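Please consult the sequence and the model while reading.

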Amino acid sequence: MPNDSSWFRHPKRMKQWRAAGFCLRELFGDVLGGVRDEFEAREIAGDLIEHHDDEPAPRARLTPPSPPPVPSLDAVDPIPENGFDKDVEGMHDGAEAAEEEQPAAFDYGKFFEDFQIALQGAKSTAAVEEIWTEFDVEAQFHDDESSRQLADKIKARRLAALAPPSAG
């Protein structure tokens, strides 16, 4: 009697679905939550055996991992007597104060990337002007003429794309 298994009748299709299942578990493991197919679960359990339709298939028993141990209270730093992590009188030394007062460096690359992406979504000249106002380009580059000119060129290019010259 020939083997009636799907693996023998449709080996190519079974390999394709096995590969698809592998990819899905790799890419969407969080969504699948560790769900395995019957054959893979048996392989993992180490008891892949052939069975006939008249006898029930053995079930692989998978156990979830144990939870991490509860951290001990000894591992947590105690709160100082004054209730603060730093000295109350000085509160900061000079280096920390200078470090906190410095503003973050402006990221020109991120600004122009976000600006271009926003303009690409604009479907009208009014939407382009609204995005221009949202990004506050004039105030952002009031001391930086080259960056302002670049922003103007990006805006002009989007406006030209929205209103192509009429063929006449």
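The model is predicted: local features need pLDDT of at least 70, side-chain atom pairs count only at pLDDT 80 or more, and totals for chains, interfaces and linings use all residues. Residues are numbered from 1 along each chain as its sequence is written, and side-chain values use heavy atoms, leaving out hydrogens and water.

Helix α9 covers residues 145–162; helices are DSSP runs of H or I with at least four residues, numbered from the N terminus. From first to last C-alpha, its 18 residues reach 26 Å, close to the 26 Å expected at 1.5 Å a residue, where the expected span is 1.5 Å times one less than the number of residues.

| State | Residues of α9 |
|---|---|
| Buried | Ser147, Ala151, Ile154, Lys155, Arg158 |
| Exposed | Glu145, Ser146, Lys153, Arg157 |

The buried residues of α9 pack against α6 (108–120), α7 and α8 (137–140), contact being heavy atoms within 4.5 Å.

Arg158 is buried yet has no salt bridge, and Glu129, the nearest side chain of opposite charge, is 12 Å away. A salt bridge requires a side-chain nitrogen of Lys or Arg within 4 Å of a carboxyl oxygen of Asp or Glu. The Arg158 side chain instead reaches the backbone oxygen of Ala122 at 2.5 Å. Not counting residues up to four places away in sequence, Arg158 touches Leu119, Gln120, Ala122 and Val128.

Conventions:
Helices (H or I, at least four residues) and strands (E, at least two) are DSSP runs, numbered from the N terminus. Buried means under 20% relative accessible area, exposed over 50%, partly exposed in between (1.4 Å probe, protein chains only). Lys and Arg count as positive and Asp and Glu as negative; His and the chain ends are not counted. A polar contact is a pair of N or O atoms within 3.5 Å; within protein, one must be able to donate a hydrogen and the other to accept it, and residues adjacent in sequence count only if both atoms are side-chain atoms.
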